[in-house]
Amino acid sequence: MPIIHKIIEVETSEGISIFNITPQIGKFLQHTGIKNGQVLVFSRHTTTALAINENEERLLEDVKVYLRKLAPETDKYLHNDLHLRVVPEDEPMNAHSHLMSMMLSTSEVVPIVDGKLALGTWQSVLFFDLDGPRKRTVFLQISGE
């Protein structure tokens, strides 16, 4: 059974940004020739995450509001005591972003059936950057036959 991987890059914007990466995954799948199997989607950063859900603009805004309520940026966090840690000069105070990412997932697995992602009608693979703007990477690994 072949295992094929690829890294996709995502340029993110300020604060919380959410991207539908389903088209990039589907395009990669088409080039592999895999008809049945699965794709692992893995977030490679500690302040990013993944989810499978509806890619609807108003829902995505609701998700941002919800995440900000879970881990408000203005709360006091020990991780933000930068003077007590050895950190690079440009280290952000981003404990809230780490906490938000833990409420989501670092990976998703999507079945592949007849050469297509077996997502439901309204499902998309969503990539969250919780500490942008940055250049981020997502690891894809497709296995099957």
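His-96 lies in helix H3, which spans residues 95-103; helices (H or I, at least four residues) are DSSP runs numbered from the N terminus. The structure is a predicted model, in which local features need pLDDT of at least 70 and side-chain atom pairs count only at pLDDT 80 or more, while totals for chains, interfaces and linings use all residues. Residues are numbered from 1 along each chain as its sequence is written, and side-chain values use heavy atoms, with hydrogens and water left out.

With a relative accessible area of 7%, His-96 is buried (buried means under 20% relative accessible area, exposed over 50%, and partly exposed in between, with a 1.4 Å probe and protein chains only). Beyond its neighbours within four places in sequence, His-96 is in contact (heavy atoms within 4.5 Å) with Ala-71, Pro-72, Glu-73 and Tyr-77.

Side chains of opposite charge can pair when their charged atoms come close. The structure contains 7 salt bridges, each defined as a side-chain nitrogen of Lys or Arg within 4 Å of a carboxyl oxygen of Asp or Glu. Asp-129 and Arg-136 form one of them, at 3.0 Å from N to O; Asp-129 is buried at 0% relative accessible area, and Arg-136 is buried at 3%. In the salt bridge between Asp-81 and Lys-76, the closest N and O atoms are 3.3 Å apart. Here Asp-81 is buried, at 15% relative accessibility, whereas Lys-76 is exposed, at 69%. Arg-134 and Asp-131 are joined by a salt bridge of 2.7 Å, N to O; Arg-134 is partly exposed at 32% and Asp-131 is buried at 12%. A network of salt bridges links Glu-9, Glu-11 and Lys-135.

Methods
Helices (H or I, at least four residues) and strands (E, at least two) are DSSP runs, numbered from the N terminus.
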